[in-house]
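Work through these exercises with the sequence and the structure side by side. Try each task before reading its solution.

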Number of protein chains: 2
Amino acid sequence: MPLVPETFRRYLLASRPTGLADEETVRLDDAATVPDPADGQALIRVRYLSIDPTIRTWMDDAPGYLPPIAIGEVVRGGGIGEVVTSRSANYHPGDLVFGMTGWQEYVLADEGAAAMTTLPAGVDPAVALSVFGVTGLTAYFGLLDVGGPQAGDTVVVSGAAGATGSVVGQLARIAGASNVVGIAGSDEKCAWLTSELGFDHAVNYRSEPVGRRLAEVCPEGIDVFFDNVGGEILDAALANLALKARVVLCGAISQYNEARPVGPRNYLSLITRRARMEGFLILDYLDRFPEAQAAMAGWVMEGSIQHREHVVEGLEHSIDALNLLFNGGNTGKVIVRV
Amino acid sequence: MPLVPETFRRYLLASRPTGLADEETVRLDDAATVPDPADGQALIRVRYLSIDPTIRTWMDDAPGYLPPIAIGEVVRGGGIGEVVTSRSANYHPGDLVFGMTGWQEYVLADEGAAAMTTLPAGVDPAVALSVFGVTGLTAYFGLLDVGGPQAGDTVVVSGAAGATGSVVGQLARIAGASNVVGIAGSDEKCAWLTSELGFDHAVNYRSEPVGRRLAEVCPEGIDVFFDNVGGEILDAALANLALKARVVLCGAISQYNEARPVGPRNYLSLITRRARMEGFLILDYLDRFPEAQAAMAGWVMEGSIQHREHVVEGLEHSIDALNLLFNGGNTGKVIVRV
């Protein structure tokens, strides 16, 4: 039997944040008892956490696509762990598994609602969480299915240096877009987009007037806008749509920490441009994950899609890691190594 | 030769309104010279004006689907007139013609950009402007093409007692919707919707909490929301969408007189409900007008679609007629008899 401690660390939602999460609202419990797996269960040592903007939305007491995290509950989130002990034929000690681990060092997997998926051998866990994981698949289905880019289109993505946005721009190029534009929050990020990822243009929203710059670099208007940000950036894009444009709503990181979100004032351009704005959730595409992962693997291997992971060391920095997504501190996928 | 006066009355845009149009911003010119038709032209005596919310948007100096009305120009708008004298084989004295007449007593039609369409004999001009006109066709293409109602759907329309909204609800029933809900601004309007037009429910937005009432009368959520209003009513609908809902953006009468429009705060429900919001313009459907008019004529004759016109007497009341659309004073299509 491997050495398992008696207690472990985990983060519980203590109260609902107004604004960014902090150590008052998300509290450390450093003396949780490591559970014994029952029949059909396995004990998992969590190794990596996938840090995603949507985690912040689950902390609000608001209707969503999943119920809010309850007060006193472990912070919900995806991750990868290693099977420690198993009383299920589905889990073998030493295997790496992916699932909803939560922000904690140990968790039980089962064969039902808390089932986890064994990672194929040879897949780097960080890459499994980024380009082959929910992040990459969000870009794949959101851009290709909802956005429907056509050859010659102008495609613009906000949060372009983030985990999903950086993949969206590269997928747009693969889909034949002739003009790919990213909006990001620093000159370094913008340089990464244009010099390494093949974006045609990048707009630094902290130092440039986004609407005016979009008008300059999208002279024929925006055919597909993939939005991770909301707020003024969404409005700037709405003001520059081409006829029959598609606005793909993936998220709104500018709004998740606001008590009262702001709606897009320029939404009536959807009428004058005969355009549509559409949301999606990757949960609806579960049966197509194998198709998407195979396609993404091919593009990664041939070098058409590059990716970057921003690894934060230590479970104790999970809150800071989450906040990186909202203060612009990350480039690429944020992962916590537990 | 018929008796034609030397001068005529017309309304010119004197300055851009902030808020409702009034006699300062839209000025009477009562001594315009009646023009002589050149070769290929006809002189038209305007008889009816179609009063539509979009006219107010053309008074703003803002990008739209048509250029703004220039300062000093006749107020743009559709209407029906009678051919007085003609130097074109396309126009015959005594015929009724439909086109962009503007707010004036006389106008020239030609065979090019200012061409007008001869009304078939036997069609009541008021009906030609309402249910068979742009108003009815807006309901037809917006609901059936953009909204795509399915049998068993819940369809909700705002501005439901207006010219377009009242037709939308009846078309929803024809398309097989099992629950048709209208939002309107008085108990009289609501009673008209449910007792005469066959709506299942009506919500009076002036006396009832719209969001809560929509939750009550749409227990399975809204599949299609046809929006003429914007603002808080759009937000209330967004909070009550069914999965995969379609929000059809037709207009936003609550916003057209606002200096700084408000965007829908609840737009992120488009993500959680995997829904889409889409705008349209009837200009894109010109080639399908005959199909739509034939279908509408059939439904009107069999009694499946009822309609009402709100006729205002006298060109001098055109501004008041326009403002009826924004203060809720009309039921059905607003028409000025010139």
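**Exercise 1.** In which sense do strand β12 and strand β13 of chain B pair, and over how many bridges?

Solution. This is a predicted model: local features need pLDDT of at least 70, side-chain atom pairs count only at pLDDT 80 or more, and totals for chains, interfaces and linings use all residues. Residues are numbered from 1 along each chain as its sequence is written, with chains lettered from A and ligands numbered from 1 in the order in which they are written.

Step 1: find β12(B) at residues 241-249 and β13(B) at residues 276-279. Strands (E, at least two residues) and helices (H or I, at least four) are DSSP runs, numbered from the N terminus. Step 2: read the pairing, which needs at least two DSSP bridges. The sense is parallel, over four bridges. R246(B) stands opposite R276(B).

**Exercise 2.** Find which strand of chain A pairs with β13(B).

Solution. Step 1: go to β13(A), residues 276-279. Step 2: these two strands run antiparallel, with three bridges. M277(A) faces M277(B) there.

**Exercise 3.** Describe the side of chain B that touches chain A.

Solution. Step 1: 23 residues of chain B contact 23 of chain A, counting C-beta atoms, placed from the backbone, within 7 Å. Step 2: β13(B) gives the most to this side, four residues.

Definitions and conventions: Two residues are in contact if their C-beta atoms, placed from the backbone, lie within 7 Å.
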